[in-house]
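Please look at the protein model shown below, and keep the sequence beside you while you read. The report then walks through it one feature at a time.

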Amino acid sequence: MNYIEVLAKKIESELDEASRPSERGPELYKLYALLALIKGPNVTLRDVHDAWSVWMSETDPAHRALIPFDELDTAKREEDRPYAEAIRRAASAASRS
């Protein structure tokens with residue numbers, strides 16, 4: 001397993017089961033691993049939404065939340081928080097290793 005996959009698995013492990021996608025999860029976690037590497041603890045909800053949007057554009061290109069972050073309502077924006085927090089925790093753990 002390479003370092004991207006290790007970090008992606010760490011991010012996945014930081015999420016509760018209900019927050020994990022049932023399909024194509026490893027692809028999403030690799031995008032989140034990239035965020036962890038380039039943004040670390042500074043990752044934002046916007047960053048998470050943009051990464052999710054890249055993933056969703058292949059999964060379901062007509063998804064109703066596949067819009068710019070600024071057009072999402074507050075509740076929809078908050079759905080990205082558990083992922084941002086998981087990315088931050090994984091990035092922090094990786095930087096200590």
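The sections below describe selected features of this structure, which is a predicted model.

Helix H1 covers residues 3-13. At the start of H1, the side chain of Asn-2 has an oxygen that comes to within 2.9 Å of the backbone nitrogen of Ile-4. Ser-13 also belongs to helix H1, and this residue is partly exposed, because its relative accessible area is 45%. The C-alpha atom of Ser-13 is separated by 22 Å from that of Thr-59, a residue that is 46 residues away along the chain.

Which residues of H1 are buried? They are Leu-7, Ala-8 and Ile-11. Because these residues cover an arc of only 100° around the axis, they lie on the same side of H1.

## The loop between H1 and H2

Arg-24 is found in the loop that lies between H1 and H2, and its phi is positive, at about 60°, although Arg-24 is not a glycine. For comparison, most residues other than glycine have a negative phi. With a relative accessible area of 30%, Arg-24 counts as partly exposed, because that category runs between the limits of 20% and 50%.

The side chain of Arg-24 also meets that of Glu-27 in a salt bridge, with a distance of 2.2 Å from N to O. Glu-27 is likewise described as partly exposed, since its relative accessible area is 39%.

## A nonpolar patch on the surface

Tyr-3, Leu-34, Leu-37 and Ile-38 form a nonpolar patch on the surface, and together they have about 450 Å² of accessible area. Which helix gives the largest share of this patch? Helix H2, made of residues 25-38, contributes three residues, and this is the largest share.

Leu-37 is one of the residues in the patch, and its place is in helix H2. Because the relative accessible area of Leu-37 is 44%, this residue is partly exposed.

## One aromatic pair

How many aromatic pairs does a search of the whole structure find? The search finds one. The partners are Tyr-32 and Tyr-83, whose ring centres are 5.9 Å apart and whose planes stand at 45°, so the pair is tilted. The pair links distant parts of the chain, since Tyr-32 is in helix H2 while Tyr-83 is in helix H5 (residues 81-96), and the two are 51 residues apart.

Are the two partners buried or exposed? Tyr-32 counts as buried because its relative accessibility is 1%, and Tyr-83 is buried as well, with a relative accessible area of 17%.

Asp-47 has its place in helix H3, which is made of residues 45-59. With a relative accessible area of 14%, Asp-47 is buried.

The side chain of Asp-47 takes part in a polar contact with the side chain of Lys-39, at a distance of 2.9 Å. A polar atom of the Asp-47 side chain also lies 2.8 Å from the backbone nitrogen of Thr-44.

## Salt bridges

A search of the whole structure finds nine salt bridges, including the one already described between Glu-27 and Arg-24. Another salt bridge joins Glu-17 to Arg-20, where the closest N and O atoms are 3.0 Å apart. What is the accessibility of these two partners? Glu-17 is exposed, with a relative accessible area of 61%, whereas Arg-20 is partly exposed, with a relative accessible area of 25%.

Glu-79 forms a salt bridge with Lys-76, and in this case the closest N and O atoms are 3.2 Å apart. Glu-79 counts as partly exposed, because its relative accessibility is 44%.

Definitions and conventions
Residues numbered from 1 in each chain as written. Predicted model: local features only at pLDDT ≥ 70, side-chain atom pairs only at ≥ 80, totals over all residues. Heavy atoms only, no water. Patch = residues over 30% accessible without salt bridge, like charges linked within 9 Å, V, L, I, M, F, W, Y side chains within 5 Å. Areas by Shrake-Rupley, 256 points an atom, 1.4 Å probe, with all protein chains shown as cover. Salt bridge = Lys/Arg side-chain N within 4 Å of Asp/Glu carboxyl O. Helix = DSSP H or I, 4+ residues; strand = E, 2+ residues; numbered from the N terminus. Buried < 20%, exposed > 50% of the residue type's maximum accessible area, 1.4 Å probe, protein only. Phe/Tyr/Trp six-rings, centres within 6.5 Å; stacked < 30°, edge-to-face > 60°. Arc of directions from axis to C-beta. Polar contact = N/O pair within 3.5 Å; in protein donor to acceptor, adjacent residues only side chain to side chain.
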